Amino acid sequence: MSRSLMRNIQTFFKNLGKHAKRVVQRRESPLEAIGGIGGDLHKLRHGVKAGRRSGEEKEARRMLEKGRKAYNEKRYSEAEGYLLRALEYDERLAWAHCFLGHTAYQLGRLEEAATHWHRTVVTDPQSSAAEKAKQKLDGLSAKRRQVLDELEMHVRESSKAPLDP
């Protein structure tokens, strides 16, 4: 248990005792005491959620690092698993989306790669992950244009060829 959570729990019980004492001394109505305790309970609940959230963020970053390492070692299927788990913990992790785009690209799933790169840009537009994703999306668009141009040229050439009787 974290120190801050322990402090929040101690403060809650300390304030609970103060409210009880004030009610007994008739310096506070039971309704006022319940209102004060409710506020303290809200703060305690917020502290517990923040602690849990930070644990999830740590796990998300740990999964991201494992995914990045697997990707760099060309273990793409394994990388994909780690990166998807990272997003289960923190869906706002732009680098996880970016590396999922890279992984999908390496596995030949171009539309999925584009989707992940787009999510990277939407998730954190000012990040270095978004810059990388934009470069990849631009490269993918250029590649698509090149393929379409080549197809168009091939169709034109085949339509000019004489027909065999």
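The legends below describe close-up views of a predicted model. Local features are given only where pLDDT is at least 70 and side-chain atom pairs only at pLDDT 80 or more, while totals for chains, interfaces and linings use all residues. Residues are numbered from 1 along each chain as its sequence is written, and side-chain values use heavy atoms, with hydrogens and water left out.

**View 1. The largest nonpolar core contains 15 residues.**
A nonpolar core is a set of buried Ala, Val, Leu, Ile, Met, Phe, Trp, Tyr and Cys residues joined through side-chain atoms within 4.5 Å. Buried means under 20% relative accessible area, exposed means over 50%, and partly exposed lies in between, as computed with a 1.4 Å probe on protein chains only. The residues with the most contacts inside this core are L64, Y71, L83, A86, L87, L93 and A96. At least two residues of the core are supplied by each of α2 (30-72), α3 (76-89) and α4 (94-106). Helix α3 gives the largest share, six residues. Helices (H or I, at least four residues) and strands (E, at least two) are DSSP runs, numbered from the N terminus. With neighbours within four places in sequence set aside, L64 is in contact with L83, A86, L93, W95 and A96; contact means heavy atoms within 4.5 Å. A second, separate core has eleven residues, among them A94, A114, W117 and A133. In soluble globular proteins, nonpolar side chains tend to be buried together.

**View 2. Helices α3 and α4 cross at roughly 155°.**
The axes of α3 and α4 come within 9 Å. Axes are lines fitted to C-alpha atoms, for helices over the stretch in contact, and angles run from 0 to 180 degrees between N-to-C directions. With this crossing angle, α3 is roughly antiparallel to α4. Angles under 35 degrees count as roughly parallel, over 145 as roughly antiparallel, 65 to 115 as roughly perpendicular and the rest as oblique. The crossing of α3 and α4 is left-handed, a term used if the near helix is turned anticlockwise from the far one by less than a right angle; clockwise would be right-handed. On the α3 side, Y76, A79, E80, L83, L84, A86 and L87 meet A96, H97, F99, L100, T103 and Q106 of α4. By class, this contact of α3 with α4 has nine nonpolar, three polar and one charged residues. Here Ala, Val, Leu, Ile, Met, Phe, Trp, Tyr, Cys and Pro count as nonpolar, Asp, Glu, Lys and Arg as charged, and the others, Gly among them, as polar.

**View 3. Helix α5 packs against helix α6 at an angle of about 145°.**
Helix α5 spans residues 110-123 and helix α6 residues 128-160, and their axes are 8 Å apart. The crossing of α5 and α6 is left-handed. Residues L110, E111, A114, W117, H118, T120 and V121 of α5 make the contact with A129, A130, A133, K134, K136, L137, L140 and R144 of α6. The contact of α5 with α6 has nine nonpolar, two polar and four charged residues.

**View 4. Helices α4 and α6 pack at an angle of about 25°.**
The axes of α4 and α6 are 9 Å apart, and the angle makes α4 roughly parallel to α6. This crossing of α4 and α6 is left-handed. From α4, the residues A94, W95, C98, H102 and Y105 take part, and from α6, S128, A129, K132, A133, K136, L140 and K143. Seven nonpolar, two polar and three charged residues form the contact of α4 with α6.

**View 5. H116 lies in helix α5.**
H116 counts as buried, at 7% relative accessibility. Apart from its neighbours within four places in sequence, H116 is in contact with H97, L100 and G101.

**View 6. Residues R26 and K74 lie in loops, R26 between α1 and α2 and K74 between α2 and α3.**
R26 has a positive phi of about 60° although it is not a glycine. K74, likewise not a glycine, has a positive phi of about 65°. Most residues other than glycine have a negative phi. Both residues are exposed, R26 with a relative accessible area of 76% and K74 with 61%.
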